[in-house]
Amino acid sequence: MENSISLRSVFKAKQRIQDIITETPLIYSEQLSKETGDEVYLKLENLQPTGAFKLRGAANKILSLTSEEKQKGITTFSTGNHGIAVAYVAKQLGIHATVCISNRVPKEKVNRLERLDATVEIVGENQDDAEVFCYELEKTKGLSVIKPFDDLHVIAGQGTIGLEILHQLPEVQDLVIPLSGGGLLSGIAYTLKSIAPDITIQGVTMEKSAVMHESLKRGAPVVLNESDTLADSLLGGLGPDNKYTFSLTKKYMDESVLISEKMIEKGIVFMMEYHKMIIEGAAAAGIGRVMQERNGDGRYVVIVVTGNNVDHQTIKNLM
Ligand SMILES: *Cc1c(COP(=O)(O)O)cnc(C)c1O
């Protein structure tokens, strides 16, 4: 296999995943454009069948496995949008998926994974225990581990968003992208800058537990404690031996910014009010950032709206 990302691999991903993913709409936001003085568009990955962009990377990875690997089955340790995506793709393709989680994961999430016919293995007290168990399954049962971001097929899969954006809005100048492990940002930024190097890429993280932000500042991946945040899908570390996303993010991101909980909240409420859509905190990070910071001069800005995995109670509280 190739050991670095290439445009060819992103185009291959696009072809490979086309029957599983939705080519999502890019809509113009009249209200955000008015408020900011820029031409602001929203790339609606919340409209993927699983409710988040993670489907692209997971589908590209799983479809790239050999038939022997598919037969043996796959496993992952994410409970959020990536875990759901892996279970969904596995079900579509008739592959057996095992999702390893800790006993702290809420019952609702377990139910959702089980409805997708995944085997849920509950192990230990935290996500790290679940991850360790996942790699044991790789050794003992020959299952393939589907990583959430630090994998070239996953990165190329997320990169297909960049191809779609360029197709839908060739004038695009600035991208605003929620940032956690950096698979999403690496894929889109690599793809867009390979074709149009003048496009700028801004990564947005919540103020608390901003792992990639801190890691870039210190020059190497760091570990931080997790805090409560509305952007729970942006929590998590870069992994003990990050191979790709730290260096790709470092190379292709122009600016890393932090956003307050208050502005994330405003982003969620804005989408409900003006676009009649429910999105999760992580997905609202980019919107909150643009609402807060642009003093525009008509630039073409695209915000990636990443997902909608939010519980009723959170929305009720915000209303
Ligand atoms: C995973 C995720 C992100 C961040 O993606 P990374 O590749 O980890 O940077 C952003 N938003 C949502 C909704 C996610 O599920």
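Trainee: Where is the place of aspartate 117?
Mentor: In this predicted model, aspartate 117 belongs to the loop that runs between α6 (107-115) and β5 (119-122).

Trainee: And what is phi of aspartate 117?
Mentor: Phi of aspartate 117 is near 70°, which is a positive value in a residue other than glycine.

Trainee: OK, where is serine 209 found, then?
Mentor: You will find serine 209 in the loop between β8 (200-206) and α10 (211-218).

Trainee: Is serine 209 buried or exposed?
Mentor: Serine 209 counts as buried because its relative accessible area is 11%, and the cut-off for buried is under 20%.

Trainee: Switching to the ligand: which residues around it come nearest?
Mentor: There are 15 residues around the ligand, and those that come nearest are Lys54, Asn81, Gly182, Leu184 and Thr306. By type, the shell divides into 5 nonpolar, 8 polar and 2 charged residues.

Trainee: What does the side chain of asparagine 81 do there?
Mentor: An N or O atom in the side chain of asparagine 81 is 2.8 Å from an oxygen atom of the ligand. Leucine 184 also places an atom by a ligand oxygen, but there it is a backbone N or O atom, at 2.9 Å.

Trainee: How much of the ligand's exposed area does the protein bury?
Mentor: The ligand taken alone exposes 380 Å², and the protein buries 97% of that area.

Trainee: Now pockets: what volume does the second largest pocket have?
Mentor: The second largest pocket has a volume of about 200 Å³. Its lining includes Lys61, Ser64, Glu69, Tyr135, Glu138 and Asp151, and the elements that give two or more residues to that lining are α7 (127-141) and β6 (144-145).

Trainee: How many residues of that lining are charged?
Mentor: The lining of the second largest pocket has 5 charged residues, along with 4 nonpolar and 3 polar ones.

Trainee: Why does asparagine 60 count as buried?
Mentor: Asparagine 60 counts as buried because its relative accessibility is 0%, whereas the cut-off is under 20%.

Trainee: What lies 2.8 Å from its side chain?
Mentor: A polar atom of the asparagine 60 side chain lies 2.8 Å from the backbone oxygen of histidine 153.

Trainee: And leucine 47, where does that lie?
Mentor: Leucine 47 lies in the loop between β2 (39-44) and α3, and it is partly exposed, with a relative accessible area of 40%. Its C-alpha atom is separated by 9.9 Å from that of isoleucine 21, and these two residues are 26 residues apart along the chain.

Trainee: Last one: is glycine 94 buried or exposed?
Mentor: Glycine 94 is exposed because its relative accessible area is 68%, and the cut-off for exposed is over 50%. Glycine 94 is found in the loop between α5 (81-93) and β4 (97-101).

Trainee: What separates the C-alpha atoms of glycine 94 and alanine 220?
Mentor: The C-alpha atoms of glycine 94 and alanine 220 are separated by 40 Å, and along the chain the two residues are 126 residues apart.

Definitions and conventions:
Residues numbered from 1 in each chain as written. Predicted model: local features only at pLDDT ≥ 70, side-chain atom pairs only at ≥ 80, totals over all residues. Heavy atoms only, no water. Near = heavy atom within 4 Å. Polar contact = N/O pair within 3.5 Å; in protein donor to acceptor, adjacent residues only side chain to side chain. Areas by Shrake-Rupley, 256 points an atom, 1.4 Å probe, with all protein chains shown as cover. Nonpolar A, V, L, I, M, F, W, Y, C, P; charged D, E, K, R; others polar. 1 Å grid on protein atoms, 1.4 Å probe; cavity = no way out; pocket = protein on both sides within 12 Å on 5 of 7 lines; lining within 4 Å. Points joined across faces, edges and corners; volume = space filled by probe spheres on them. Helix = DSSP H or I, 4+ residues; strand = E, 2+ residues; numbered from the N terminus. Buried < 20%, exposed > 50% of the residue type's maximum accessible area, 1.4 Å probe, protein only.
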